[in-house]
Amino acid sequence: CCVAVRAAEAEHHRAVETELEDALQTWSCRRIEAAILAAVPSSDPRHLEKKCKCDGCQVSPELIAAADGYLDELRARWDEVQDAVDRGFVTVDSLKCSMALSCPLPFCERAAPDTSAAFRGDSSEKTATMIGDLACCLLAFERRMTMVFHCRQAEPHEYWRDLTGNRVRLLVNKLEARGVAKGAVQVKVVLGSRHPQVA
């Protein structure tokens, strides 16, 4: 920001400004609020609430206005996903800007050489809710994501690679049917034990 500070306060100013910039790269309203408060200039009414009120920890009003705008937008996005997050199938890490399914998707069991992908019929309601909640979060945060898709087995490699690839395509098709843009989710397959994670 274009704010003149004394040489003795330059390091302090850089630290406050850097924390604000870093906070704005997250989805954490709490961290952003704290960073904005620490950086507001004396012309801002919130300046009275600051712990440190020196000239060094003040950034430009324009930067604060932009940060406030992002924070308002972020709060609206959290409002959109609150019900989905409360159901517990999807967890959102606000600091890492990532999402993860909290339990495995109920795919039908398969054995070689069958690599077809399908969801279990006895879990159709749960499956629809999980996919709907994941789609809701993806749409709300509007970011290009990489889904790390873990499979419990690793051998024989070719069989599990093909089966997992088909399961990935099934899931992505379901997400796109819920409004997620085509190509918005890139997939990385890892043969090992965990649940799909989006980052």
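Let me start with a question: which residue forms a salt bridge with Asp122? The partner is Arg120, and the closest N and O atoms are 3.1 Å apart. Keep in mind that this is a predicted model. How do the two ends sit? Asp122 is exposed, at 65% relative accessibility. Arg120 is partly exposed, at 34%.

Step back for a moment. Searching the whole structure gives 12 salt bridges. The general idea is simple: side chains of opposite charge can pair when their charged atoms come close. I'll show two more pairs.

Next, Asp72 and Arg75. Their side chains form a salt bridge, 3.6 Å from N to O. Why can these two be discussed as a local pair? Both belong to helix 3, residues 61–87, and they are 3 residues apart, so about one helical turn separates them. Asp72 is partly exposed, with a relative accessible area of 49%.

Asp133 and Arg87 meet through their side chains in a salt bridge, with N to O at 2.7 Å. Asp133 lies in helix 4, residues 124–141, while Arg87 is in helix 3, so the bridge ties together parts that are 46 residues apart in sequence. Is each end buried or exposed? Asp133 is buried, at 4% relative accessible area. Arg87 is partly exposed, at 46%. The cut-off for buried is under 20%.

Stay with helix 4, and turn to its packing. Its partner here is helix 5, residues 157–177. At what angle do helix 4 and helix 5 pack? The angle is about 65°, and the axes are 9 Å apart. The crossing of helix 4 past helix 5 is right-handed.

Which residues meet there? From helix 4 we have Ile131, Leu134, Ala135 and Leu138. From helix 5 we have Leu171, Lys174 and Leu175. By class, this contact has 6 nonpolar residues, no polar ones and 1 charged.

To recap. Asp133 in helix 4 pairs with Arg87 in helix 3. Helix 4 also packs with helix 5, at about 65°. Asp72 and Arg75 pair within helix 3. Asp122 pairs with Arg120. That's my part. Over to you.

Terms used
Residues are numbered from 1 along each chain as its sequence is written. This is a predicted model: local features need pLDDT of at least 70, side-chain atom pairs count only at pLDDT 80 or more; totals for chains, interfaces and linings use all residues. Side-chain values use heavy atoms; hydrogens and water are left out. A salt bridge is a side-chain nitrogen of Lys or Arg within 4 Å of a carboxyl oxygen of Asp or Glu. Helices (H or I, at least four residues) and strands (E, at least two) are DSSP runs, numbered from the N terminus. Buried means under 20% relative accessible area, exposed over 50%, partly exposed in between (1.4 Å probe, protein chains only). Axes are lines fitted to C-alpha atoms, for helices over the stretch in contact, and angles run from 0 to 180 degrees between N-to-C directions. A crossing is left-handed if the near helix is turned anticlockwise from the far one by less than a right angle, and right-handed if clockwise. Contact means heavy atoms within 4.5 Å. Ala, Val, Leu, Ile, Met, Phe, Trp, Tyr, Cys and Pro count as nonpolar, Asp, Glu, Lys and Arg as charged, and the others, Gly among them, as polar.
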